[in-house]
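The following paragraphs go through one interface and then one part of a sheet. Please keep the sequence and the model at hand.

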Amino acid sequence: MRLTCPLCGPRDRREFYYSGTEDYLNRPPEGAPIEAWDDMLHLRTNPAGVTKDLWYHETGCGSWLLVTRNTVTHAVLATELVAARKGGAA
Amino acid sequence: MPNLIAKSALFGRAPLTLSGTTLAEAQIGPITSVAAFRGKLAKVKKVLGGFPAPNTVSGNLIWTGPEQAFVLGQAPDLSGLAAVTDQTGGWAALRLSGPLAADTLMRLYPLDLRAAHFPKDTCARAPLGHMQSILIAEETGFLILIFRSMARTAWHEIETALQTLTARSSAEI
Amino acid sequence: MRIAGKGLIDRTKPVTFTFDGKAYSGFQGDTLASALMANDVRLVGRSFKYHRPRGILTAGPEEPNAMVEVLDGGSQSPNTRATVQEIYDGMAAQSQNRWPSLRYDLLSINDLAAPFLSAGFYYKTFMWPRAFWEALYEPIIRRAAGLGRLKRQIETASYEKAFAFCDLLVIGSGPAGLMAALTAARAGADVILAEQDSLMGGRLLSDGGTLGAPWVEATLTELRALPNVRLMPRTTVVGAYDQGTYAALERVGLHRPAAPHLPRECFWRIVAGQAILATGALERPIAFENNDRPGIMLASAALSYLNRFGVVPGQKVTLFANNDNARHAARQLMAAGVQVAAILDSRADASSVEDCPVYLNAAVTDTQGRHGLTQISGTHAGGAFQIDTDCLLMSGGWNPLVNIACHQNARPLWREDIAAFVPQSGMVPGLHAAGAANGAFSTQSALREGADAAVQALAALGRSATAPDLPQAEDAPYRLQPLWAVPGKGRAWLDFANDVTVKDVKLAAQEGYTSVEHMKRYTTQGMAPDQGKNSNVSALAVLADATGRGIAETGTTTFRAPFTPVSVGAMGAGGQGAGFAPQRYMTSDQASRDRGAPMVEAGLWYRPSYFPKPGETTWRQSCDREVLMVRSAVGVADVSTLGKIDIQGPDAARFLDFVYTNTFSTLPVGRVRYGLMLREDGFVLDDGTTARLGENHYLMTTTTAAAGQVMRHLDFVHQAYCPTWQVRFISVTESWAQFAVAGPLAKMLLNALLDERIEDFPFMTHAEVSVEGVKARLFRISFSGEEGYEIAVPTAYGEALFRDLLAKAETLGGGAYGMEALNVMRIEKGFITHAEIHGRITAFDIGLGKMVAAKKDCIGKAASQRPGLHGPEREQMVGLRPLTKTEIGAGAHLFNTGDKVERVNDQGYVTSVCWSPVLESYLGLAFLKDGRARHGQRVRLVDHMRKTDVLCEVTDPVFLDPEGAKLRA
Ligand SMILES: [Zn+2]
């Protein structure tokens, strides 16, 4: 498997640490109800098809990537820097 | 005037030459990390007289990450513009040069290091085996920066790969 | 028998080798199979289940019968295919799966017991009683199972791994592969041509056609001269993975004597922009009674032996086929002077014009010859026949080698006209099938498809290429009438390697295993080392017939990587010994070893366990002395392994407030504060001290174990939640060598080395200092409970400072202490490590609930306040002291006195233990239900592993100096 780091270019999967779903990007605001945290931390859709998840270019540049891929075909459809994401918090 | 003796990571280790390819510890002097604060890259660039594009080396500047570079030497005053951190002691530098250099490292790095694909002044943050490293293409070979504590392992891995390639070429019928 | 004037072997280079201890000779270029055939050795192995005598069936890596062990120095390669293994001087091979000898194998008794060993035998026989499985059945099955033996010793031979990259990977170098490579190479593409054989050319080297070796050589000469082409012979592409990654296994040292550093094999990971599947096709056997005797082989194999190796498999040959193509073998053998006794063609309407007798509508129904074929019998249009023959060639048509195209789970397409499965486009993205692998069997069509596929593949890469002019080659029609199995009552083999017969497949269908996947598992068809390459299609055709479904509807089983077996040594290349994981050494390493310290692995680091003194015979003696030394004088320990992260920027303080539970924005410059970090789910991630070096500059320390994890976490929090904040951080773990100096005489020791003496240096402060002329950082922190400092110098000075510190410490009655003493002292003080913060622990559990600041948000805060993460039902950290001097161990469980010792009554568990030489007691840190409310009570500690059962007093986790008077002294 290969992923294209927007900074480093196409790299072997071994350079990346897999973290899980993009849900982790949507951190509930302070004071959010417990259900919102439950959603973010534990509720997963596990789609057969297009999914978005987080990978860390651990032995590369240290960027977190948001990867769009297809769990059925294994096609990687897009990679983007988490830090450059539109709608990034703060 | 320090009264303490400074030792490099592989102090006292003699260079190794096999098949005309030489592995040696390199002395590259001070290393300073420069990481620009958000929105300050243009100003940092101005002070430094340039800033390397991702995966490139420009003069004494080596790209090491998002809006981050290593300066070989001391960095000028960048207060308020960038985090400046002394990294000198943290890295061991190994130089591998000669005809088998690329083939040797392609045993260890999952990268295309052939000259046409990784020419001089290209660099990469990439794993040497299991170890994080910074790899830099030079005129006749590569400069490898590796965490100092792992220098012996890095040497061992490169030495083994070079020995293997040498054994291969002497076995060719 | 060797034939003059044929073959691509080098007759000027004789090679001697042994097989089952007997010496033979062959020539350079021979495989073990061709060399044995040249020496008229026909019996080379025993079959898996029935121990039937077996010979050579094929001339390639698909060989199911001729598997041997090759012994080479200390190495032993079981299940080596004699049809692949090249001979070299001094090579020793031996047959396997036989005892005491190949000719007289006692387990061939199984063959007589065959009626009881049919499909599903194991499932039916070894069903019950259940308890017999582990004790009786499994050992019996294991002894009888498998072919080759393992050496049962550590593999010391060398293996290699490597990466390669190309625009176009061409898999196979027959007519399609060569033409594809040539087309792409001329267009300037970066090409890798991989061929499993030692010579490139595929069938062109063995089929005796008009194009032949001269054209191959001319083409290879052109390719070799091009800098953009890499030829990889002896390299089998074994798997297709995602995003154009292919795995390949190269035989590097297996065809020559072992030499220092020469790897046996190299495991390649090839990244290709596009790839061409030009793996050709495999001829398939026909099932008929006793079709497995030595001397019965595939027609194409005989052609290979004749044209490639200059040997013939028999003196009086017969051919049994269902297609036109197979007759080449008979014709060429006759041309080479070999007698062909008969062509037996299963078709009624085939031509009968050949230079030998041809019988149509023929079927071979039985064969004779215990250790080698002597006679065949059957029927044909003219009635029954019996023919004396020592070699029967069979051809049931051809199966395209679609395997690699199917490695990503897509299924091949059944083509009725050629009675075979072919790849469909797009099964593996970027992989194009061409030639026989695509069902185009004539040489001419293979050349054409190879060129076309290359043009297409390059177009996908945005490059243009033109197909070269194609040379003239055979383009005869194939003409086949399917024949899978000759009807009959006896045993007719489908899967030679696993001894599966037509009857077995029919029995499976009869017993309800009608799905091809079920049939496979019930009969074990296709599960041998050849993975059904010779039998899958025939077996499912028989199954289709037995169930009344078509072949297309029956479908295939799943094709999985690897295409041919890959040794574990090759896959794990580089991982032996020191290659297993990086070894991290501190600057003090040599100095510690000089003092005889045994080194212990802590993560990847090597740290001194203790520093033995003369007269000390156990680690405990050294450890106890070191603890008392620190508590009474001064000790020095290298703590450089702790993670150190340099954090800078106007938003650095804000960032730390966000990642730590407690507040760092209020920390004055020059001060140090203990911090606790949570995961977002509310559990403790790590702890450590952080110093404020400047207004916008902090230095965070992490535990050794979690340094990488914390860096990843900080990167995530920064990039995901606050990318616009003005903060940057970088690891400086390796930039500083840091030593703990602890004990009542710590300040005295430091002052002996510091360029400016320190006097009042309060607890939890730090300063820039100068030590022996070197700029250093000094921190007043303690992990031992004593007056403690940590002094950090640039790493290059680490060894020198450590040696000086030790020398000076020794004059004060102090010295070095190791991990053991460090651990004792931190337990005496109730300081936690990752033994305690093991991932299921909250701030509340360790008594630090108040450290989660109420006034600000932080990572993990919300989740840490969920119900269930705090309160009396939680297991809380406590100290334990056994009432007697019984040794206790971590991992023990706790029970209320009077409760039965069983899981439901579990009250908690022990995480850390030590012997405290100061308190003269064993001490433990433990997690106990509602523990903080139970100080002074007694619990029962039970450790079934160490057979410990002892009452303990529950205490505060801080056993020593709970007020911290020494710490702040
Ligand atoms: Zn990257």
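How many salt bridges does the rule find across the interface of chain B and chain C? It finds six, a salt bridge being a side-chain nitrogen of Lys or Arg within 4 Å of a carboxyl oxygen of Asp or Glu. One of them links B:Arg114 to C:Asp190, with the closest N and O atoms 2.6 Å apart. The model is predicted, so local features need pLDDT of at least 70 and side-chain atom pairs count only at pLDDT 80 or more, while totals for chains, interfaces and linings use all residues. Residues are numbered from 1 along each chain as its sequence is written, chains are lettered from A in the order in which they are written, and side-chain values use heavy atoms, without hydrogens and water.

The contact (heavy atoms within 4.5 Å) takes 52 residues from chain B and 54 from chain C. On the chain B side, the elements that give two or more residues are strands S3 (31-36), S6 (68-72) and S7 (82-86) and helix H3 (151-171); helices (H or I, at least four residues) and strands (E, at least two) are DSSP runs numbered from the N terminus. H3(B) gives the most, 10 residues.

Within chain C, strand S8 (residues 160-171) has 11 of its 12 residues buried, that is, under 20% relative accessible area with a 1.4 Å probe, protein chains only. S8(C) pairs in the parallel sense with strand S13 (residues 265-277) of chain C over 11 bridges, where pairing requires at least two DSSP bridges. In this pairing C:Leu169 has C:Ala275 as its bridge partner. S8(C) also runs parallel to strand S9 (residues 191-194) of chain C, joined by four bridges, and there C:Val170 is partnered by C:Leu193.

Definitions and conventions:
Buried < 20%, exposed > 50% of the residue type's maximum accessible area, 1.4 Å probe, protein only.
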